[in-house]
2 protein chains.
Amino acid sequence: MKDNICKEKMALVEKLGVHLENREQLAPVAARILSYIILTGKSGTTFEDMVTILCASKSTISTHLNHLQDLNKIVYFTKTGDRKKYFVINKDTVVQHINKMVKDWREVRELHLEIKSYKETINEHKIKNEEEKFDLNFHNDYIKFIDGATASIEELRTKITNKQFSI
Amino acid sequence: MKDNICKEKMALVEKLGVHLENREQLAPVAARILSYIILTGKSGTTFEDMVTILCASKSTISTHLNHLQDLNKIVYFTKTGDRKKYFVINKDTVVQHINKMVKDWREVRELHLEIKSYKETINEHKIKNEEEKFDLNFHNDYIKFIDGATASIEELRTKITNKQFSI
DNA sequence: CGTTTGGTTCGGTTTGTTCCGAACTAATTA
DNA sequence: TAATTAGTTCGGAACAAACCGAACCAAACG
């Protein structure tokens, strides 16, 4: 029974790991560490645990744990009379992630505006036949979409910051 | 004057290039090729053009051009009595991109459901103190967000497929 | 036929990433 | 003081990605 749950957990660690590896641009083991910490929850995970469970060397775990702390993705708590560190995810990770999405979208929005303005100059300057001109409607529509998506993710953010929970 | 526009174009090629490099997981030169093709528009771009303008070797351009065609990102047209290929972006690139976003979101949604269900099992099985239990509200809220975003991007897709334009 | 044009293919270099092992440190325990 | 625990640091192995040059090929031209 416990064995089954453990298998399920490790399968999820791998799956979530692959996702985080791409989404957060992390090395494979770093992503698995983060997954494992997320799926272990508030009781926390130790250095040792991860060395044995994730089958990685101490140096690898050490490096990636420090990296994840630098990125503010994880924090640790301690217990009196116990030298180990118990790692848990930073509770504002979700808000961090939302902020990143909003920032990325803002940048894409800027890029669309720049490209649109460039295409407009070309359309005016070079007197090409109508057929060869750039079509600009797409940029407007895409910007509208970005604005909508940004609004709705920002709504989610306020919802979350009011509740204050961890993943 | 023409020199200025050209500078502006190349600056945009680099900027859009960096964006596409990340968004589409392309090699640096591949992303610049795609950018250049996008910003050149319907008159098309040739192999030669790119070798000289992007300052890359023939082999690099050749490989990446073929790769971009395999990915269905670009197509070419020809002119009678002219052996060159004129590359332009595939007009359904935008729809392709939207489909990818929808697919990715669907996968993330699945993942949230799986994680939530795992956390529920743990909450039930291990009789921990209430404080240590997983909080699941976040997953519900995030799924709601994904559903909203998916709906609005699908709306954009229908808007686009009805109009039928290229970037 | 020889040459040019437009492009492909292959082998190799450079560069970067990811992980490991071994040696080390600093605090604690026996 | 010696040994253990908990972790860090450094050098390097192994692998992958990205690009280049040179040799090559096939169609068209002179």
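**Figure 1. The two chains meet through the same surface, because 100% of the interface residues of chain B are also interface residues in chain A.** The model is predicted: local features require pLDDT of at least 70 and side-chain atom pairs count only at pLDDT 80 or more, whereas totals for chains, interfaces and linings use all residues. Residues are numbered from 1 along each chain as its sequence is written, and chains are lettered from A and ligands numbered from 1 in the order in which they are written. The contact draws 35 residues from chain B and 36 residues from chain A, two residues being in contact if their C-beta atoms, placed from the backbone, lie within 7 Å. On the side of chain B that touches chain A, two or more residues come from each of α1 (2–23), α5 (93–125) and α6 (137–163) of chain B. Helices (H or I, at least four residues) and strands (E, at least two) are DSSP runs, numbered from the N terminus. With twelve residues, α6(B) gives the most to this side. By class, the side of chain B that touches chain A holds 16 nonpolar, nine polar and ten charged residues; Ala, Val, Leu, Ile, Met, Phe, Trp, Tyr, Cys and Pro count as nonpolar, Asp, Glu, Lys and Arg as charged, and the others, Gly among them, as polar.

**Figure 2. The axis relating chain B to chain A.** In chain B, the C-alpha of B:Ala149 is the nearest to the axis, at 3.0 Å. The superposition is by least squares on the C-alpha atoms of residues with pLDDT of at least 70 in both copies.

**Figure 3. Helices α5(B) and α6(B) in contact.** Their axes come within 10 Å and cross at roughly 165°; axes are lines fitted to C-alpha atoms, for helices over the stretch in contact, and angles run from 0 to 180 degrees between N-to-C directions. This makes α5(B) roughly antiparallel to α6(B), where angles under 35 degrees count as roughly parallel, over 145 as roughly antiparallel, 65 to 115 as roughly perpendicular and the rest as oblique. The crossing of α5(B) and α6(B) is left-handed, a term used if the near helix is turned anticlockwise from the far one by less than a right angle, with right-handed used if clockwise. Among the residues that meet are B:Trp105, B:Arg109 and B:His112 in α5(B) and B:Tyr142, B:Ala149 and B:Glu154 in α6(B). The residues of this contact divide into 15 nonpolar, four polar and four charged.

**Figure 4. Helices α2(A) and α4(A) in contact.** The axes of α2(A) and α4(A) come within 9 Å, crossing at roughly 70°. Helix α2(A) is therefore roughly perpendicular to α4(A), and their crossing is right-handed. From α2(A), the contact takes A:Val29, A:Ala30, A:Ile33 and A:Leu34, and from α4(A) it takes A:Thr60, A:Ile61, A:His64, A:Leu65, A:His67 and A:Leu68. Seven of these residues are nonpolar and three are polar, with no charged residue.

**Figure 5. Helices α2(B) and α4(B) in contact.** In chain B, the axes of α2(B) and α4(B) come within 9 Å and cross at roughly 70°, which means that the two helices are roughly perpendicular. Their crossing is right-handed. Residues that meet include B:Ile33 and B:Leu34 in α2(B) and B:Ile61 and B:Leu65 in α4(B). The contact of α2(B) with α4(B) comprises seven nonpolar, three polar and no charged residues.

**Figure 6. The surface near DNA strand C.** Two or more residues come from each of α2 (28–40) and α4 (58–70) of chain A and α3 (47–53), α4 (58–70) and β2 (82–89) of chain B. The largest share, six residues, belongs to α4(B). By class, the surface near DNA strand C has seven nonpolar, eight polar and seven charged residues.

**Figure 7. The surface near DNA strand D.** Around DNA strand D there are 22 residues, of which A:Phe47, A:Ser59, A:Ser62, B:Ser59 and B:Thr60 come nearest. Helix α4(A) supplies the largest share of this surface, six residues. By class, the surface near DNA strand D has seven nonpolar, eight polar and seven charged residues.

Methods:
Near = placed C-beta within 6 Å.
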